[in-house]
Amino acid sequence: CDDVRLMRFDIAGIATTERFNYKTRPDILSDLLSRFSRASAHERGHDTYARIIAPESEIGQTMRERLESPTPGDGIALDYFHESLSVKWPWWCLEVRDEDSGEIRPFAVGKPHYCSVDVFAHSTRGYVALDLTTGSLVFLKDSWRPSCAIKEGAVLKKLNEQSISRQLR
């Protein structure tokens with residue numbers, strides 16, 4: 001059979017086109033590829049707030065140096081950060097925008113500490129990250145999230161205002 005459907009995956013599930021015959025309607029596929037090739041990285045689904053870190057780069061060196069300069073309260077977070085710096089896994093600089101202030105802060109991460117495997121969930125990954133602004137180790141959650149009334153960041157902000165401990169255990 002020469003019939004196909006084009007599919008797009010996202011947090012909501014899978015969207016598909018109507019079935020069409022790619023031999024009798026090659027214009028559909030060529031139009032898609034033509035448009036896709038002219039689209040920006042952001043339009044093609046790339047996260048433009050993430051960039052790869054070469055281990056030998058300045059940021060890569062900063063990540064390795066952080067292992068040798070523990071601070072009070074690092075606890076097991078330093079061990080987890082050490083485990084994440086595998087040379088077999090890409091290291092990333094993730095820029096996160098604070099929704100209140102608009103400030104963009106960079107975080108350096110290696111291999112995720114946690115990674116969900118359910119393709120139809122929120123594609124959640126959790127990292128022990130190096131905050132490149134403060135030098136602190138923090139837990140950074142990266143996920144697709146649906147629009148909802150209460151965001152996790154708002155809950156965390158309330159906990160911080162009440163001085164609730166957020167130490168990794």
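Strand S9 (residues 125-131) is mostly covered, with 6 of its 7 residues buried. Buried means under 20% relative accessible area, exposed over 50%, partly exposed in between (1.4 Å probe, protein chains only). Helices (H or I, at least four residues) and strands (E, at least two) are DSSP runs, numbered from the N terminus. The model is predicted: local features need pLDDT of at least 70, side-chain atom pairs count only at pLDDT 80 or more, and totals for chains, interfaces and linings use all residues. Residues are numbered from 1 along each chain as its sequence is written, and side-chain values use heavy atoms, leaving out hydrogens and water.

**Exercise 1.** Find the pairing of S9 with strand S10 (residues 137-142).

*Solution.* 
- Step 1. Two strands pair if DSSP finds at least two bridges between them.
- Step 2. S9 and S10 are antiparallel, with 6 bridges.
- Step 3. Leucine 130 sits opposite leucine 137 in S10.
- Step 4. The hairpin has 5 residues between its strands, and glycine 135 has a positive phi near 85 degrees.

**Exercise 2.** Find how S9 pairs with strand S7 (residues 104-109) and with strand S8 (residues 114-115).

*Solution.* 
- Step 1. S7 and S9 pair antiparallel over 2 bridges. Phenylalanine 107 stands opposite aspartate 131.
- Step 2. S8 and S9 also run antiparallel, joined by 2 bridges. Cysteine 115 faces arginine 125.

**Exercise 3.** Sort the faces of helix H3 (residues 76-84).

*Solution.* 
- Step 1. Ala77, Leu78, Phe81 and Ser84 are buried.
- Step 2. Seen down the axis of H3, the buried residues fall within an arc of 120 degrees, so they line one face. The arc is taken from the directions from the helix axis to the C-beta atoms.
- Step 3. The face turned away from the buried side carries exposed His82 and Glu83.
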